[in-house]
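Subject: Handover of a structure, with findings

Dear colleague,

Please find the sequence and the structure below. My notes on the chain, its helix contacts and its nonpolar cores follow.

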Amino acid sequence: MKIDAKVIGGDVESQKLILQANIPFVFLRDKVKFTHMKDDLDDPMNDNDTESQEYYQRRVDSKRIATIKKHIRDSILNQKKGKSVCVLFPTALLLATSREDSAYHDQTSINIENLLPSEESRFYIVDGQHRMQAMIELFEEVVDSETSLFPASDDPDLAYILDFLNKYEFNCSILLNFDLWEQAKIFADINFKQKTVDKSLYYAIYGLLDPDAINDIQTSAIFISHSIVKHLNNNVRSPLIGLVKMLKNGRGTVSQAFMADSLIKNLQSRRGIWFSESTTILEKVPYFAEESVKFFNIIKSLFPSLWPQETLDGIESKSILTKTTGMGALLRLLVYVHKATLGNYQYDQPGVRQYLLKKYMEDAKWLMSPLKEYGEELFGLNGIYSGTGGKGLESKLYRRMVEIIEKGLPILNGKKIVNGIEVGIAICRDSEGIFSFRLSHYFQNLDQMAPYRPGGGSLGECMYQLRSRLSLYFNQVEPSASAHPT
């Protein structure tokens with residue numbers, strides 16, 4: 001069967017071409033390959049994990065196939081009855097294949113069979129798996145009826161459907177010599193800019209992109225947020241391991257899409273804690289992931305009795321900690337804690353990464369410790385934040401946590417022994433919300449010290465300067481304002 005495809009676009013030099021052809025269904029049904037994305041269970045921060053996701057398609061949905069199959073049958077029979085003209089799929093089926101020895105030019109007509117040089121050669125379906133599967137199933141049902149007591153040839157309706165399918169031609173666009181991640185990007189652009197599709201799939205597909213090929217902030221933000229969520233769900237050090245629903249597979253308590261949506265704001269906006277215009281931002285991803293893991297380890301340590309437990313029947317949720325409202329509020333709190341302990345410093349500045357690895361846990365746990373006594377109020381299943389209030393309830397929960405932390409800061413006042421000398425510490429907040437700290441000198445009483453307001457009175461700068469001055473005490477140097485310690 002000679003079927004010509006016309007070159008309608010692409011790059012002749014690289015032979016990455018776009019072809020157009022009308023291909024009969026009876027030819028195509030044996031020449032396509034159905035694929036699906038592997039379960040998203042690898043850890044992107046694990047350098048030893050070389051397994052990649054082979055394909056980018058979502059698994060075919062049997063309910064959707066049944067709906068499309070009914071649409072095909074009804075449309076064909078409505079045409080038979082003269083009710084309407086049968087127009088099944090006005091948009092093109094998108095296929096992909098490769099030929100290393102291709103040498104085609106603009107306006108060239110190519111015999112489709114030349115693109116499939118062997119009996120085993122197949123087209124990959126980039127977009128349109130459901131419509132193709134639905135038509136194949138309908139065709140097989142009609143053909144199989146020939147061996148039944150009521151064969152299709154004896155049923156005018158079935159005979160008409162069979163004749164229609166035997167003559168039907170798919171309008172096809174063919175991607176020639178596009179690599180896997182290029183196909184995935186095209187699939188994502190079609191499905192997420194033109195259609196409404198599960199957003200977890202959106203993040204998973206963009207997570208397949210080649211990091212070296214990412215050259216804009218928005219795409220890198222999608223890639224990074226997906227990588228952090230995968231790390232939280234798959235790394236053995238993460239308290240959230242197994243708690244995220246990846247592509248709706250698994251028994252998690254919060255969706256991949258929700259987690260990625262909450263994290264991505266920190267990467268796309270200049271006000272985000274992980275924003276960077278630098279092309280080296282991908283080098284910092286392990287540190288973003290490390291901060292996230294440490295933050296949730298602190299949360300788990302503060303509320304051990306409320307943390308979900310794995311059972312034989314699934315995950316037993318004892319609170320809303322890892323459900324949508326709780327997780328949304330906690331991811332906002334992660335930003336608050338970051339600004340309090342790391343301030344506005346970027347990860348490429350001296351000392352910041354070392355601080356994250358060595359001191360973050362100590363300071364962040366100290367900062368959040370007032371929350372410990374409020375677990376049931378904040379996250380209890382019978383608490384005021386456990387309802388279905390969407391973003392409004394999430395905001396109220398977040399604001400309540402901040403209120404508890406800031407009102408509880410006097411509880412954090414204490415004493416630290418440095419080189420055998422007792423040093424008094426106090427962080428205060430006045431009625432205008434201005435933070436300050438007092439740190440006793442070797443020979444002065446804490447109560448006699450004047451408050452110090454670094455950085456305009458922000459909590460972040462207070463934490464920075466407090467640790468800096470303690471470091472100076474430790475080294476037996478007279479206290480003075482300094483940069484963030486290494």
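A residue is called buried here when its relative accessible area is under 20%, exposed when that area is over 50%, and partly exposed in between (1.4 Å probe, protein chains only). On that basis, 51% of the 486 residues of the protein chain count as buried. This is a predicted model, in which local features need pLDDT of at least 70 and side-chain atom pairs count only at pLDDT 80 or more, while totals for chains, interfaces and linings use all residues. Residues are numbered from 1 along each chain as its sequence is written, and side-chain values use heavy atoms, with hydrogens and water left out.

The chain as a whole

The secondary structure of the protein chain comprises 16 helices and 14 strands. These elements are DSSP runs numbered from the N terminus (helices: H or I, at least four residues; strands: E, at least two). A contact means heavy atoms within 4.5 Å. Among contacts in the protein chain with a separation of 6 or more, 64% join residues 24 or more positions apart.

Helix contacts

Two packed helices are described by the angle between their axes and the distance between the axes. The axes are lines fitted to C-alpha atoms, for helices over the stretch in contact, and the angles run from 0 to 180 degrees between N-to-C directions. Angles under 35 degrees count as roughly parallel, over 145 as roughly antiparallel, 65 to 115 as roughly perpendicular, and the rest as oblique. A crossing is left-handed if the near helix is turned anticlockwise from the far one by less than a right angle, and right-handed if clockwise. Contact residues are sorted into nonpolar (Ala, Val, Leu, Ile, Met, Phe, Trp, Tyr, Cys and Pro), charged (Asp, Glu, Lys and Arg) and polar (the others, Gly among them).

Helix α9 (residues 256-268) and helix α11 (residues 324-341) have axes that come within 10 Å and cross at roughly 20°. The two helices are therefore roughly parallel to each other, and α9 passes α11 in a right-handed crossing. From α9, the contact draws on F258, M259, S262, L263 and N266; from α11, it draws on T324, M327, G328, L331 and V335. By type, the residues of this α9 and α11 contact are 6 nonpolar, 4 polar and no charged.

Helix α10 (residues 285-302) also packs against α11, at an angle of about 115° and with the axes 11 Å apart. That angle makes α10 roughly perpendicular to α11. The crossing of α10 past α11 is right-handed. E291, S292, F295, F296 and I299 of α10 meet M327, L330, L331, L333, L334, V337 and H338 of α11. The residues of the contact of α10 with α11 divide into 9 nonpolar, 2 polar and 1 charged.

Helix α4 (residues 129-144) and helix α5 (residues 156-167) pack at about 135°, with their axes 10 Å apart, and are therefore oblique to each other. Here α4 passes α5 in a left-handed crossing. The contact is formed by M135, L138, F139, V142 and V143 of α4 together with L158, I161, L162, L165 and N166 of α5. Its residues comprise 9 nonpolar, 1 polar and no charged.

Nonpolar cores

A nonpolar core is a set of buried Ala, Val, Leu, Ile, Met, Phe, Trp, Tyr and Cys residues joined through side-chain atoms within 4.5 Å. The largest such core has 64 residues, and F295, L333, M368 and F379 have the most contacts inside it. Elements that give two or more residues to this core are α8 (217-234), α9, α10, α11, α12 (352-358), α13 (360-368), α14 (375-379) and α15 (390-407). Of these, α11 gives the most, with 10 residues. M368 touches F295, I298, I299, L302, L333, V337 and I405, not counting residues up to four places away in sequence. A second, separate core of 45 residues includes F25, F139, L158 and L162.

Individual residues

I264 lies in helix α9 and counts as buried, at 8% relative accessibility. I264 and I222 are 42 residues apart in sequence and 6.6 Å apart in space, C-alpha to C-alpha.

N177 is found in the loop between β7 (169-176) and α6 (180-193). Its phi is near 70°, a positive value in a residue other than glycine. N177 is buried, with a relative accessible area of 15%.

With kind regards
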